[in-house]
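Work through the exercises below with the sequence and the model open. Each task is followed by its solution.

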Amino acid sequence: QVQLVESGGGLVQAGGSLRLSCVASGSIFSINSMGWFRQAPGKVRELVARITSDGSTYYADSVKGRFIISRDNAKINLYLQMNSLQPEDTAMYYCAATNRPRVTIAQSEYWGQGTQVTVSS
């Protein structure tokens, strides 16, 4: 089992920045890929960014060039640096991990409880 705990959310004005953190514990040796998802009220959960075991990254088009995902080599900490935040980035952000090659909504065994990000205009 893997436990994930997110932190770093909050209220920020448009154009501002936040850095989300996710701490993994438990059977972290089994993790291959980790990622950040978000879900706004009334909308489906979507993949924001993910990173694989070889360091390859993927970003949703809506955040490309503004967000940066990173992970320490011990696979303990996952980060999401969010810059130039916009009101449409407002959502609950979730950390996820999988033993499979790439984290997806359907193939993520482990989820955190989420951290709220609110961007005011």
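Rings of Phe, Tyr and Trp (its six-membered ring) pair if their centres lie within 6.5 Å; planes under 30 degrees apart count as stacked, over 60 as edge-to-face and the rest as tilted. The model used here is predicted.

**Exercise 1. Aromatic pairing**

Find how many aromatic pairs the structure holds, and classify what you find.

Solution. The count is 1 aromatic pair. The ring centres of Phe 37 and Trp 111 are 4.8 Å apart and the planes stand at 55 degrees, so the pair is tilted. Phe 37 belongs to strand β4 (residues 33–39) and Trp 111 to strand β10 (residues 110–111), so the pair ties together parts 74 residues apart in sequence. Next, accessibility: Phe 37 is buried at 0%, while Trp 111 is partly exposed at 27%. Finally, the charged end of Arg 45 sits over the ring of Trp 111, 4.8 Å from its centre.

**Exercise 2. The surroundings of Thr 115**

Decide whether Thr 115 is buried or exposed, and list its contacts.

Solution. Thr 115 is in strand β11 (residues 115–120). Buried means under 20% relative accessible area; Thr 115 has 10%, so it counts as buried. Beyond neighbours within four places in sequence, Thr 115 contacts Glu 6, Ser 7, Gly 8, Gly 9, Leu 20, Ala 91, Met 92 and Tyr 93. A polar atom of the Thr 115 side chain lies 3.1 Å from the backbone nitrogen of Gly 9.

**Exercise 3. A backbone angle**

Solution. Most residues other than glycine have a negative phi.

Definitions and conventions: Residues numbered from 1 in each chain as written. Predicted model: local features only at pLDDT ≥ 70, side-chain atom pairs only at ≥ 80, totals over all residues. Heavy atoms only, no water. Helix = DSSP H or I, 4+ residues; strand = E, 2+ residues; numbered from the N terminus. Buried < 20%, exposed > 50% of the residue type's maximum accessible area, 1.4 Å probe, protein only. Polar contact = N/O pair within 3.5 Å; in protein donor to acceptor, adjacent residues only side chain to side chain. Contact = heavy atoms within 4.5 Å. Lys NZ or Arg CZ within 6 Å of the ring centre and 35° of its normal.
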